[in-house]
Amino acid sequence: MAEIKYEIIEQIGVLSESAKGWKKELNLISWNGHVPKYDIREWAPNREKMGKGITLSEDEVQALQALLK
């Protein structure tokens with residue numbers, strides 16, 4: 001399996017934290033050197049592991065904001 005490279009450009013905030021210390025976060029992340037996208041996923045303590053998540057472009061974030069109003 002190919003290695004996934006990522007760079008957290010901006011840590012925006014923590015949405016929740018589980019009893020085991022995993023945090024669901026909203027971050028701006030560049031995946032494999034591509035344009036950064038907004039990312040919501042769970043991270044293990046010390047970021048040694050990550051859960052499945054969802055990435056959103058700027059346009060998708062704006063559409064989501066409109067839906068939530």
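**Exercise 1. Across which strands does α1 lie, and at about what angle does α1 run to β4?**

Solution. The model is predicted: local features need pLDDT of at least 70 and side-chain atom pairs count only at pLDDT 80 or more, while totals for chains, interfaces and linings use all residues. Residues are numbered from 1 along each chain as its sequence is written, and side-chain values use heavy atoms, with hydrogens and water left out.

Step 1. Helices (H or I, at least four residues) and strands (E, at least two) are DSSP runs, numbered from the N terminus.

Step 2. Helix α1 lies across β3 and β4; contact means heavy atoms within 4.5 Å.

Step 3. The angle to β4 is about 85°. Axes are lines fitted to C-alpha atoms, for helices over the stretch in contact, and angles run from 0 to 180 degrees between N-to-C directions.

**Exercise 2. Determine the strand order of the sheet and its edge strands.**

Solution. Step 1. Two strands pair if DSSP finds at least two bridges between them.

Step 2. The four strands make an open sheet in the order β1-β2-β3-β4, with antiparallel pairing. At the edges are β1 (6-17) and β4, each of which pairs on one side only. From one strand to the next, the twist averages 25°.

Step 3. Between the antiparallel strands β2 and β3 there are seven bridges. Ile-29 has Lys-37, in β3, as its bridge partner.

**Exercise 3. Find the salt bridges in the whole structure and state how buried their residues are.**

Solution. Step 1. A salt bridge is a side-chain nitrogen of Lys or Arg within 4 Å of a carboxyl oxygen of Asp or Glu. The search finds two.

Step 2. In one, Glu-25 pairs with Arg-47, and the closest N and O atoms are 2.9 Å apart. Glu-25 is in strand β2 (residues 23-31) and Arg-47 in the loop between β3 (37-43) and β4 (50-56), so the pair ties together parts 22 residues apart in sequence.

Step 3. Buried means under 20% relative accessible area, exposed over 50%, and partly exposed in between (1.4 Å probe, protein chains only). Glu-25 is buried at 8%, whereas Arg-47 is partly exposed at 24%.

Step 4. Asp-39 and Arg-41 also form a salt bridge, at 2.9 Å from N to O. Asp-39 is buried at 0%, and Arg-41 is buried at 10%.

**Exercise 4. Is Leu-68 buried or exposed?**

Solution. Step 1. Locate the residue: Leu-68 belongs to helix α1 (residues 58-68).

Step 2. Its relative accessibility is 68%, so Leu-68 counts as exposed.
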